[in-house]
Amino acid sequence: MQTLLGATESPYSISFALEKVDSIKLEGFKRFFRDLPLDPYIKGKYRSRRLSRLKVVGNQLTKLPHGYLFQSKQYNPLVGDIRREFAELDDALIELDEFKKLVLEFRNYSKLDAAVEIGVHQIRTTCSPNNFGNPAPEGIHRDGCNFIGIFSVDRENIEGGETHLYVAKKEKPVLNKVLNPGELLLVNDRNFFHFTTPIKPMSSGEGTRDVFVLTHPSLLHD
């Protein structure tokens, strides 16, 4: 692991930190982003998504029973107060050593308990010359959890998609950064708002941005 930006002091273990996770080989993830179902809660057909909650005990991951995602409008003014259900992560993805490395790195860097529940969102945002993609259609926001991690898997034929962190919505961002493949941004959701700018293709044809977003707690309910 290579820390690109050091974590600032926080009463809750981390404030934010950016890592280059060299130990994770990205190629094994890419096939799992090719068959993501469309997110039915977002207009425009530019976002695809899967979501699962995992129990992490020691170094072992276990997929928990299917649950629904719920955020209040306080945190998500676009689709808050809606019970959202998504397809689960592929079991073969969860069994990958590289996926386990990612989840454990999020758990360990955030100094979470050895036994903890973590939500993992697998998200592809697409764009074309006639349909730009918006990774954060809800605008500058918090997720309503304690910690989030955004891990970049791939950027293909796109520009934009710059991630911003804010102490307050009306202030200038304290971080402006395109997350390159292999980079993991860890954020204390109690301390910061976050946003990612829209993407558009660099040349003709489709462009894609693939990420995992990890949260604690998972925000999933039975």
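Helices (H or I, at least four residues) and strands (E, at least two) are DSSP runs, numbered from the N terminus. In these terms the protein has three helices and 15 strands. Its radius of gyration, taken over C-alpha atoms, is 16 Å, close to the 17 Å that the globule rule gives for 222 residues, so the protein is as compact as a globular protein of that length. The globule rule is 2.2 Å times the number of residues to the power 0.38.

This is a predicted model, in which local features need pLDDT of at least 70 and side-chain atom pairs count only at pLDDT 80 or more, while totals for chains, interfaces and linings use all residues. Residues are numbered from 1 along each chain as its sequence is written, and side-chain values use heavy atoms, with hydrogens and water left out.

**Overall build**
- Along the principal axes, the C-alpha atoms fill a box of roughly 45 × 40 × 40 Å.
- Of the 222 residues, 53% are buried (under 20% relative accessible area; exposed is over 50% and partly exposed in between, with a 1.4 Å probe and protein chains only).
- Of the contacts (heavy atoms within 4.5 Å) between residues at least 6 apart in sequence, 78% join residues at least 24 apart.

**Surface and charge**
- The protein exposes about 10,200 Å², and carbon and sulfur atoms supply 49% of that area (Shrake-Rupley method, 1.4 Å probe).
- There are 30 positive and 29 negative side chains, with the centres of the two sets 3 Å apart.
- Lys and Arg count as positive and Asp and Glu as negative, without His and the chain ends; each charge is placed at NZ of Lys, CZ of Arg, CG of Asp or CD of Glu.

**Strand E11**
- All six of the six residues of E11 (residues 183-188) are buried, so this strand is largely enclosed by the rest of the structure.
- One side of E11 carries Glu183, Leu185 and Val187, and the other Leu184, Leu186 and Asn188.
- E11 pairs antiparallel with strand E2 (residues 16-20) over five bridges (pairing requires at least two DSSP bridges), and Ala17 stands opposite Leu186.
- Strand E7 (residues 147-156) is also joined to E11 by five bridges in the antiparallel sense, with Gly149 opposite Leu186.

**Backbone details**
- His216 and Pro217 are joined by a cis peptide bond, with omega about -5 degrees.
- Pro217 lies in the loop between strand E14 (207-216) and strand E15 (220-221).
- Lys45, not a glycine, has a positive phi of about 55 degrees; Lys45 sits in the loop between helix H1 (27-30) and strand E3 (47-57) and is exposed at 66% relative accessible area.
- Lys111, also not a glycine, has a positive phi of about 55 degrees; its loop runs between helix H3 (97-109) and strand E6 (115-127), and Lys111 is exposed at 62%.
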